[in-house]
Amino acid sequence: MTAGTDTGLQPRRKGLSRRQKRRLSRGAQYVVFVAAVVAFAAGADWGRLQNQFAQWDIARQMFPDVITLALKNTVLYTLSGFVVGLALGMVIALMRLSSVGPYRWLAGIYIEIFRGLPALLIFIFIGVAVPLAFPGTEIVGGTYGKVALALGLVAAAYMAETIRAGIQAVPKGQLEAARSLGFSPARAMVSIILPQAFRIILPPLTNELVLLFKDSSLVLFLGVTLEERELSKYGRDLASTTANSTPILVAGLCYLLVTIPLGFLVRRMEAKARKAVK
């Protein structure tokens with residue numbers, strides 16, 4: 001019997017296996033990515049970019065004010081807005097879960113309005129509409145109070161939905177067990193439900209802090225003094241004075257000094273939360 005008629009021989013498979021195809025596809029993607037980076041690097045005029053964005057003498061003149069003044073104000077604006085937003089968001093979330101109809105309707109209307117409006121319009125409203133509506137009335141804290149209120153109104157709409165989701169994620173049996181032990185509904189919510197809910201929603205709340213840190217740049221629409229400038233305003237003013245964009249780049253790097261560690265913290269908390277669920 002010839003080899004061609006030997007039924008014991010199996011024909012070889014033609015083509016690539018699935019694993020080989022995946023490897024080939026991944027390798028092609030890497031090649032395309034590297035080629036794009038090389039093309040970008042080769043086509044960019046690095047000399048002009050350096051002259052416009054990387055003047056060390058200009059960057060050196062920004063210190064220490066860019067840290068002790070601009071970054072400090074940005075952090076203060078962010079934290080004050082976060083505190084106001086968290087407190088207001090808590091109230092709105094509880095109203096949204098209330099058995100009283102008008103509370104739920106008011107909370108729903110607030111969330112839809114302030115979640116739908118751009119933050120810029122809220123800042124303009126606080127800076128222009130409030131003084132016109134209430135002549136002679138000053139918001140406590142001056143510019144810091146206005147920023148805290150504007151950021152807080154925006155953040156509260158998002159935080160309220162996050163807190164509501166966290167409360168509803170706590171098993172109902174926790175509330176029933178607390179009531180069976182003699183806890184009032186309010187005490188059970190404060191002592192039993194909310195601590196568990198906040199452990200669940202801590203990562204998204206931290207992410208909201210990152211967003212507020214960037215939104216604090218809208219403070220310029222309120223009109224600020226030289227001592228009240230945040231990073232973006234500080235960088236733009238120096239860029240206009242020096243006719244160079246290096247201050248803007250330095251301000252951006254200062255933002256990253258805060259947002260990158262916060263982003264890393266959010267990922268760590270999310271990973272920890274997933275392990276706790278498992």
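Tyrosine 144 is partly exposed, with a relative accessible area of 28% (buried means under 20%, exposed over 50%, and partly exposed in between, with a 1.4 Å probe and protein chains only). The model is predicted, so local features need pLDDT of at least 70 and side-chain atom pairs pLDDT 80 or more, while totals for chains, interfaces and linings use all residues. Residues are numbered from 1 along each chain as its sequence is written, and side-chain values use heavy atoms, without hydrogens and water.

Rings of Phe, Tyr and Trp (its six-membered ring) pair if their centres lie within 6.5 Å; planes under 30 degrees apart are stacked, over 60 edge-to-face and the rest tilted. Four aromatic pairs are counted by this rule. One of them is the tilted pair of tyrosine 77 and tyrosine 144, with 5.1 Å centre to centre and 40 degrees between the planes. Tyrosine 77 belongs to helix 4 (residues 65–96) and tyrosine 144 to helix 7 (residues 142–169), so the pair ties together parts 67 residues apart in sequence. Helices are DSSP runs (H or I, at least four residues) numbered from the N terminus. Tyrosine 77 is buried, at a relative accessible area of 0%.

The charged end of arginine 187 sits over the ring of phenylalanine 183, 4.3 Å from its centre (for this, NZ of Lys or CZ of Arg must be within 6 Å of the ring centre and within 35 degrees of the ring normal).

Note on methods
Helices (H or I, at least four residues) and strands (E, at least two) are DSSP runs, numbered from the N terminus.
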